[in-house]
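Subject: Structure handover

Hi,

Here is the structure I promised to pass on. Please open it next to this email and follow along.

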Amino acid sequence: DRKALISYEAAINANRQLPEPHYRRALLLIQLDRLNEARSDLNASLQLQPIFPEANYWVGRVDFAQGRYRESLVRFQRAVEQAAGSYPEALYYQGLAEEQLGLRDAAIASFRATIVQRDAGAWAGEARAALTRLGVQ
């Protein structure tokens with residue numbers, strides 16, 4: 001992990017205008033539970049490339065992990081929007097954030113939207129479990 005962090009740092013220093021090294025380092029920092037540093041790198045990647053659904057998704061995941069549900073909801077919605085509605089894991093987490101905020105009907109809609117996504121895979125199963133937990137058939 002240390003070698004990878006050093007490599008990403010070198011890539012960032014070589015060309016600060018590329019969003020990808022910031023993004024990749026952020027993913028590694030998330031794995032290392034260094035969430036504030038990860039958010040900083042993700043925000044740097046978004047400054048360089050504002051339309052970046054994956055980066056918005058991961059900022060949302062960091063916010064969600066830190067209990068900032070309103071902020072995470074905005075990021076998940078932005079990720080889904082930037083991916084033209086086709087981002088099952090972002091839709092699923094959008095539903096989780098809505099559920100945490102007490103927005104039950106919105107959460108149900110997000111979970112249902114996850115299920116019908118092409119390539120939803122395991123996220124469809126997670127969304128079905130969430131609907132069951134909410135008492136929805």
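**What Q94 touches**

Q94 touches L73, F76, Q77, V80 and S110, leaving aside residues up to four places away in sequence. Contact here means heavy atoms within 4.5 Å. Q94 sits in helix α6 (residues 88-100). Helices (H or I, at least four residues) are DSSP runs, numbered from the N terminus. Q94 counts as buried, at 10% relative accessibility. Buried means under 20% relative accessible area, exposed over 50%, and partly exposed in between (1.4 Å probe, protein chains only).

Before you go on, note that this is a predicted model: local features need pLDDT of at least 70, side-chain atom pairs count only at pLDDT 80 or more, and totals for chains, interfaces and linings use all residues. Residues are numbered from 1 along each chain as its sequence is written, and side-chain values use heavy atoms, with hydrogens and water left out.

**Salt bridges**

Side chains of opposite charge can pair when their charged atoms come close. A salt bridge is a side-chain nitrogen of Lys or Arg within 4 Å of a carboxyl oxygen of Asp or Glu. By this rule the count is seven.

- D41 pairs with R25, and their closest N and O atoms are 2.4 Å apart. This pair links distant parts of the chain: D41 lies in helix α3 (residues 35-48) and R25 in helix α2 (residues 19-31), 16 residues apart. D41 is buried, at 5% relative accessible area. R25 is buried too, at 14%.
- E37 pairs with R34 at 2.7 Å, N to O. E37 is partly exposed, at 39%. R34 is also partly exposed, at 33%.
- R68 pairs with D63 at 3.0 Å, N to O. R68 is partly exposed, at 27%, whereas D63 is buried, at 5%.

**Helix α4**

The buried residues of α4 are P53, A55, N56, Y57, V59, G60, V62, D63 and F64. They pack against α2, α3, α5 (69-82), α6 and α8 (122-133). Just after α4, G67 takes a positive phi of about 80°.

Best wishes

Conventions:
Helices (H or I, at least four residues) and strands (E, at least two) are DSSP runs, numbered from the N terminus.
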